Amino acid sequence: MNIQRLLKEAQKAQKKAAEVQERLEKTVVTGSAQGLVEVDANGHGRILAVRLRPEALQEDLEGLEDLILVAIQDAQKKAHELSEKEMSRELGSVGQMLGGLL
């Protein structure tokens, strides 16, 4: 493989990675904890919204904090999995490497 072809392939991969990153910015995943707390995050794991069911307020403060934390972690895990899946689908093994870096 010559250098110019390699550079062209790298540019294509970079463009695809940028497109995936743009899609992930607009994609919303929802994490939840026992159905009492829901957290929305974008495909990068940035938290967008937190929703509490009225029943969640019957928990003690420490229990409510735990539910919120679990829902956040669930949303971020789903965002990470989505990111890896999208990068892998678009770029194959190169996407997995890039996904770990982005």
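Biologist: Is Arg-23 buried, exposed or partly exposed?
Modeller: Arg-23 counts as partly exposed, at 35% relative accessibility. Buried means under 20% relative accessible area, exposed over 50%, and partly exposed lies in between (1.4 Å probe, protein chains only). This is a predicted model, where local features need pLDDT of at least 70, side-chain atom pairs count only at pLDDT 80 or more, and totals for chains, interfaces and linings use all residues. Residues are numbered from 1 along each chain as its sequence is written, and side-chain values use heavy atoms, with hydrogens and water left out.

Biologist: Thanks! Which residue does Arg-23 form a salt bridge with?
Modeller: Its partner is Glu-90, with the closest N and O atoms 3.5 Å apart. A salt bridge here is a side-chain nitrogen of Lys or Arg within 4 Å of a carboxyl oxygen of Asp or Glu.

Biologist: Which residues are linked with Arg-23 in a network of salt bridges?
Modeller: Glu-86, Arg-89 and Glu-90 are linked with Arg-23 in that network.

Biologist: New topic: what do the side chains of Arg-51 and Glu-38 do?
Modeller: They meet in a salt bridge, 3.0 Å from N to O. Arg-51 is in strand 3 (residues 47–52) and Glu-38 in strand 2 (residues 37–42), 13 residues apart.

Biologist: How many salt bridges does the structure hold?
Modeller: It holds 10.

Key: Helices (H or I, at least four residues) and strands (E, at least two) are DSSP runs, numbered from the N terminus.
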